[in-house]
There are 2 protein chains.
Amino acid sequence: MAGKEKTPIILEDRITAELNIDPLTEKHFLKLVEPDLSDNRGDVDRVRDALSGKYGPIAVPRDIMNGVSLACRQGNWEVTATVGSLQNGFGLVDIQPGDTSSLHLGAAVDIGTTTVVAYLVDMSTGRILNTAADYNGQIKFGEDILTRIYLAGEPDGLEALRQSVLQTLNGIFFRLTEGVAFKPRDISAAAIGANSTMIHLLLGLDPSRICLAPYISVVNAPGVLGAAEIGLEINPLAPVYCLPGVGSYVGGDVLGGVLVSNMYRNDELAFLVDIGTNGEMVLGNRDWLVACAGAAGPALEGGVVRSGMRAEPGAIWQVRIDQQTRGVEYRTIGDLPPVGICGSGLIDCLAEMFLCGIIDRAGKFKGGLEQFVVVPAAETPAGEDIVVTQTDINNLMRTKGAVNAALELLLESVGCGLEQIERFYAAGAFGQYLDLESSITIGLYPDLPREKMVRLGNSSGEGARQVLLSSEKRKDIETIAKNITYFELNANQTFMNKFVSSKFLPHTNMDYFPTVKARLAARGMLK
Amino acid sequence: MAGKEKTPIILEDRITAELNIDPLTEKHFLKLVEPDLSDNRGDVDRVRDALSGKYGPIAVPRDIMNGVSLACRQGNWEVTATVGSLQNGFGLVDIQPGDTSSLHLGAAVDIGTTTVVAYLVDMSTGRILNTAADYNGQIKFGEDILTRIYLAGEPDGLEALRQSVLQTLNGIFFRLTEGVAFKPRDISAAAIGANSTMIHLLLGLDPSRICLAPYISVVNAPGVLGAAEIGLEINPLAPVYCLPGVGSYVGGDVLGGVLVSNMYRNDELAFLVDIGTNGEMVLGNRDWLVACAGAAGPALEGGVVRSGMRAEPGAIWQVRIDQQTRGVEYRTIGDLPPVGICGSGLIDCLAEMFLCGIIDRAGKFKGGLEQFVVVPAAETPAGEDIVVTQTDINNLMRTKGAVNAALELLLESVGCGLEQIERFYAAGAFGQYLDLESSITIGLYPDLPREKMVRLGNSSGEGARQVLLSSEKRKDIETIAKNITYFELNANQTFMNKFVSSKFLPHTNMDYFPTVKARLAARGMLK
């Protein structure tokens, strides 16, 4: 990924210290009474009895029953039972001879439209033991979400999409445990943060109504399912918790950000933005939360932009333009020869072109320019110019306009002004790498004092880690999902009006962006 | 089956009237609020919310989620949800458009070593709508339990046994719903009564330790499993409750009898016997229950007796011998030409031979006889004598001796005498067809006033029907299983001593059998 040198602002250790660890699965070392003629309870009954004090009646699936008998005898009636929190109670997930309670593994997963990341989590300490990432295998069917939703309606399309993300996930689980003493089978619990469409495609659920009014998903809060039922090649009985969403366009990935930011527990008014295919945002504090998604469009997706690409080696992720010479300095992922521009590079480009007067406040090229050459053909391995076109800019202007319009609508709905926002969170994996100043310059992020602006990093994955470790956090995110007020903007006329009028850089009302105004003034670019 | 003209003593209607119907699955007609832009809950979330008041958080498996969306739309937001009691809470089992709450089907199943019977139950009224039976497909691997346990230890043996009983069951489910408007898929719950070995083989559990000291099963109380997990071809999400047992030799089939008899709720001292491969018995009342199994051996199984056969068409099920002429009157199943003798016929034979002085009190042929010809070769289709041999008699004497010895041991263990027994229950399918007087004559049943003796019919199947319909009955049978005191006789020296001394007809102490004594006296057969 881009910008490997950047450190997420939210540090794992600090958060873990605040978690009351009470994980999705628990391991218990049991010293059982050995059966004899006067105590002829069955092996499963014996283990159930030993656990009933804490859990009440637990489900013991057929598939594990013979294993219970084996483990009891191999361990000479000393066994370690793994018990999982299921949707409606508790169930036996694993049983091993002897005391294995010190090895207790979970997987926290973020399924993005483009990238899938998983963290191997020590369920006792909360520490991340290993990380693995890969592109979402669904990319081969289409880079953007709408293409995949369309494909899911074709014969066998949904199952093909499901299998391809499963293949990605199972490959990641394999790599997470590669070269160590355990196997994917030893992962006894998982939590997944993802947008609603990704959850639908993972679970084989029909996503067609997500993009049709009134935009109703099959399920917003799947809750706890079983690994085998989903197709995850970890312990087949592992409970798998999907972070709940609040609507077709504000999914568990975004609520993961709300959870990780703690904005739902604080007094201060906070604004969280997760920029991806859509710009999803949440405004609020401990007393109330409102959310919406601006249909940002695919401006930041590799396949749409003329010279766009995913954040892969060779992608330009940082751009600086000299105001005088218009010479470009850029950095690529891996410092390799430039292949194309990824999302963060594109936002840098737009900001720099604006600051240098190459485009005007409406995002139009000045002086009859038709495109801006970031890297001339001679310097690229492909021998083609890497450019930003007017179309690319128009797409990006729409994205930023959608975010502006949605924020204004959210603020108006609760009767607040932009100046009242006390904290800003950039959520999601993409937000982790966006240049803060460039994002403010183009008006994608609000122009707040920088010390109030926090990057959450991969808050979907971190949210997954937290719910994996804490039943309190699971309750919290369920409560957030239930209580949040969701504005559906797809059919909202006020939003459309604001969207149309949000077509200026950084904003129609420049006073909302004082630092940008000051920079432009310093450059002599304000009349 | 034998004696089709006989009516079970326990009448379905009377018992159903006493049941507080609260079935394993419940159907609820739901009028849902139609979603719109201001209520964007997912379809599954909407259904969950509608059910949460009654059930709290219910499990909704992945496999049913798309079905929820479809049913909501097909039924125009009026749907019928079927909710099941799972081991640890509740789960969605089915969802159908419109109001289908009047069609609610369950299956009550008795899996015997020889015969499998299932009742199609209307879950709203408790009525039996249809019955189907078949031989247990495992018979082809061996008629008796020990052969099957042995085979289960061979490679793939356990799975072959499992598949063969599944095939039997699924065939029965098909026939239960043949020619009617519904399908096996419409059966939304099942309950199963069976001995411990049959439960192990059905669930694919290793039965090897059932017959090795200290005789520990993998599980005595499997609780609720899922139909798909077991392999039953009814609604794959149907909860399937297996009646709990109390030991390797006193299974759910016997506890079904305890449940059906109500002996666990009454003050009177009751004695329940279930004669099959083993003679299983329970003694007690509302305050205490003791149980044991006499290893009766295969005396009553078709394959062991020289002219033995299963209770199939052509089997001699009733025998009367004229004391003077020794002429035999017999009846066969279906009134067909005689092929062999089934268990009830064999017991009749033994009693009649004893009453006619053909055998002595020790069960030995008098006057140098080597075998008794029940039907001469000329009268049989096969052209072979149908006989009872000394070996057949010896086997049967062992069975009856085991029952006598076990009963004495149970009585001694609680400090009671035979005369204190206030009620006798003949449980199980086999007990339904045994001739009461013959069974008393040979000492298999105690010699009590006949009005105190009750046949329970197929109490395993009836027990399954009751737990299917009543959560109170499920709690009751779990409590019975937990509180019953089980005596393991396999390694009990007192039992062995009593067994050896129980070798007389009807009993070593003739005073225990006053009516038999009187009949013998009337026939001039007492010295």
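This is a predicted model: local features need pLDDT of at least 70, side-chain atom pairs count only at pLDDT 80 or more; totals for chains, interfaces and linings use all residues.
# Reading a two-chain model

Colleague: Is B:Phe271 buried or exposed?

Modeller: B:Phe271 is buried, with a relative accessible area of 0%. Buried means under 20% relative accessible area, exposed means over 50%, and partly exposed covers what lies in between, all with a 1.4 Å probe and protein chains only. Residues are numbered from 1 along each chain as its sequence is written, and chains are lettered from A, with ligands numbered from 1, in the order in which they are written.

Colleague: How many aromatic pairs does a search of the whole structure find?

Modeller: A pair of aromatic rings is described by the distance of the centres and the angle of the planes. Rings of Phe, Tyr and Trp (its six-membered ring) pair if their centres lie within 6.5 Å, and planes under 30 degrees apart count as stacked, over 60 as edge-to-face and the rest as tilted. Over all chains, the search finds ten such pairs. In one of them, B:Tyr215 and B:Tyr249 have ring centres 6.2 Å apart and planes at 65°, so the pair is edge-to-face. The two residues are 34 residues apart and link distant parts of the chain, with B:Tyr215 in the loop between helix H6 (196–203) and strand E8 (223–226) of chain B, and B:Tyr249 in the loop between strand E9 (239–242) and helix H8 (252–261) of chain B. Here helices (H or I, at least four residues) and strands (E, at least two) are DSSP runs, numbered from the N terminus. Both B:Tyr215 and B:Tyr249 are buried.

Colleague: Which aromatic pair does B:Phe271 form with B:Phe424, edge-to-face or tilted?

Modeller: The pair of B:Phe271 and B:Phe424 is tilted, at 5.9 Å centre to centre and with 45° between the planes. Because B:Phe271 lies in strand E10 (residues 270–275) and B:Phe424 in strand E18 (residues 423–427) of chain B, the pair ties together parts that are 153 residues apart in sequence. B:Phe424, too, counts as buried, at 0% relative accessibility. In chain A, A:Phe271, A:Phe424 and A:Tyr445 form one aromatic cluster.

Colleague: Where does the charged end of A:Arg310 sit?

Modeller: A charge sits over a ring if NZ of Lys or CZ of Arg is within 6 Å of the ring centre and within 35 degrees of the ring normal. The charged end of A:Arg310 sits over the ring of A:Tyr135, 4.4 Å from its centre, and in chain B, B:Arg46 lies over the face of B:Trp77, at 5.9 Å from the ring centre.

Colleague: What rotation superposes chain B on chain A?

Modeller: Two copies of a chain are related by a rotation about an axis and a shift along it. Copies are superposed by least squares on the C-alpha atoms of residues with pLDDT of at least 70 in both. Here the rotation is 180° with 0.0 Å of shift along its axis, at an RMSD of 0.1 Å. The two copies are thus related as by a two-fold rotation axis. Of the residues of chain B, B:Gly89 comes closest to that axis, at 2.9 Å (C-alpha). Moreover, 100% of the interface residues of chain B are also interface residues in chain A, so the copies meet through the same surface.

Colleague: Which residues does B:Arg62 touch?

Modeller: Contact means heavy atoms within 4.5 Å. Leaving out residues up to four places away in sequence, B:Arg62 touches A:Arg162, A:Leu203, A:Gly204, A:Leu205, A:Leu225, A:Glu229 and A:Ile230. B:Arg62 lies in helix H3 (residues 62–74) of chain B and is buried, with a relative accessible area of 14%. A polar atom of its side chain lies 2.7 Å from the backbone oxygen of A:Leu203, and the side chain of B:Arg62 also reaches the backbone oxygen of A:Glu229 at 2.7 Å.

Colleague: How many residues of helix H8 of chain A are buried?

Modeller: Ten of the ten residues of helix H8 (residues 252–261) of chain A are buried, so this helix is largely enclosed by the rest of the structure. Among them are A:Gly252, A:Val254 and A:Leu259. The helix is followed by A:Asn262, whose phi is positive, near 70°.

Technical notes:
Side-chain values use heavy atoms; hydrogens and water are left out. A polar contact is a pair of N or O atoms within 3.5 Å; within protein, one must be able to donate a hydrogen and the other to accept it, and residues adjacent in sequence count only if both atoms are side-chain atoms.
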